[in-house]
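This report sets out side-chain pairs, sheet architecture and selected residues. The sequence and the structure are shown first.

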Amino acid sequence: MTSELDKVFAELAAQRAQQDRERRQRIARAADFLTELYEQDIEPSATLQSRGIQAQLADNKLMLHRPQSGPYEEPLVIVVSELGDIDVAGRSLGRYDGADKLAKKREIIGEIIAFFDL
């Protein structure tokens with residue numbers, strides 16, 4: 001005989017496990033998107049290179065900076081959060097959904113242009 005407490009606990013455990021799987025999938029999709037953005041749009045950009053802006057991607061974090069500006073200029077950091085959101089300079093742009101890939105790319109590119117006043 002299983003107690004009602006045990007039944008509820010088992011249901012909650014299954015629900016938490018499902019939520020965790022979904023969160024990890026969101027993070028993986030957003031990380032793949034950020035990697036693709038870096039490889040296809042940021043790294044080969046002649047505009048960024050001509051203006052001395054360098055980019056580095058590591059651990060679900062894309063960092064853009066202008067080394068010749070010295071240590072006082074803050075870098076632009078784009079990260080995948082623990083919830084699978086894409087954050088730019090500490091502000092969330094929301095979750096990445098494969099259906100809105102171009103719109104999300106353009107939104108991030110707009111943030112880069114505004115940040116570096118290009």
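The side chains of Lys-105 and Asp-41 meet in a salt bridge at 2.9 Å, N to O, the term standing for a side-chain nitrogen of Lys or Arg within 4 Å of a carboxyl oxygen of Asp or Glu. This pair links distant parts of the chain, with Lys-105 in helix 3 and Asp-41 in helix 1, 64 residues apart; helices (H or I, at least four residues) and strands (E, at least two) are DSSP runs, numbered from the N terminus. Lys-105 is buried, with a relative accessible area of 11%, whereas Asp-41 is partly exposed at 28%; buried means under 20% relative accessible area, exposed over 50%, and partly exposed in between (1.4 Å probe, protein chains only).

The model is a predicted one, in which local features need pLDDT of at least 70 and side-chain atom pairs count only at pLDDT 80 or more, while totals for chains, interfaces and linings use all residues. Residues are numbered from 1 along each chain as its sequence is written, and side-chain values use heavy atoms, with hydrogens and water left out.

A salt bridge also joins the side chains of Glu-36 and Lys-101 (2.8 Å, N to O), and this pair likewise connects distant parts of the chain, Glu-36 lying in helix 1 and Lys-101 in helix 3, 65 residues apart. Glu-36 is partly exposed, with a relative accessible area of 22%, and Lys-101 is partly exposed at 30%. The structure holds nine salt bridges, including one between Glu-73 and Arg-66 at 4.0 Å, N to O; Glu-73 is partly exposed at 33%, while Arg-66 counts as buried at 18%. Salt bridges that share partners join Glu-36, Asp-41, Lys-101 and Lys-105 into one network.

## Aromatic pairs

A search of the whole structure finds two aromatic pairs, where rings of Phe, Tyr and Trp (its six-membered ring) pair if their centres lie within 6.5 Å, and planes under 30 degrees apart count as stacked, over 60 as edge-to-face and the rest as tilted. Phe-33 and Tyr-96 form a stacked pair, 4.3 Å centre to centre with 20° between the planes. Phe-33 lies in helix 1 (residues 4-42) and Tyr-96 in the loop between strand 5 (91-95) and helix 3 (101-115), so the pair ties together parts that are 63 residues apart in sequence. Both Phe-33 and Tyr-96 are buried.

The rings of Phe-115 and Phe-116 have centres 4.9 Å apart and planes at 80°, so this pair is edge-to-face. Phe-115 is partly exposed, with a relative accessible area of 34%, but Phe-116 is buried at 5%.

Five strands form an open sheet in the order 1-2-3-4-5, with antiparallel pairing; two strands pair if DSSP finds at least two bridges between them. The edge strands are strand 1 (54-58) and strand 5, each of which pairs on one side only. Strand 2 (residues 61-65) and strand 3 run antiparallel and are joined by four bridges, and Lys-61 stands opposite Val-79 in strand 3.

## A loop residue

Ser-81 has its place in the loop between strand 3 (76-80) and strand 4 (85-88), and at 17% relative accessibility Ser-81 counts as buried. Leaving aside neighbours within four places in sequence, Ser-81 is in contact (heavy atoms within 4.5 Å) with Ile-27 and Asp-87.
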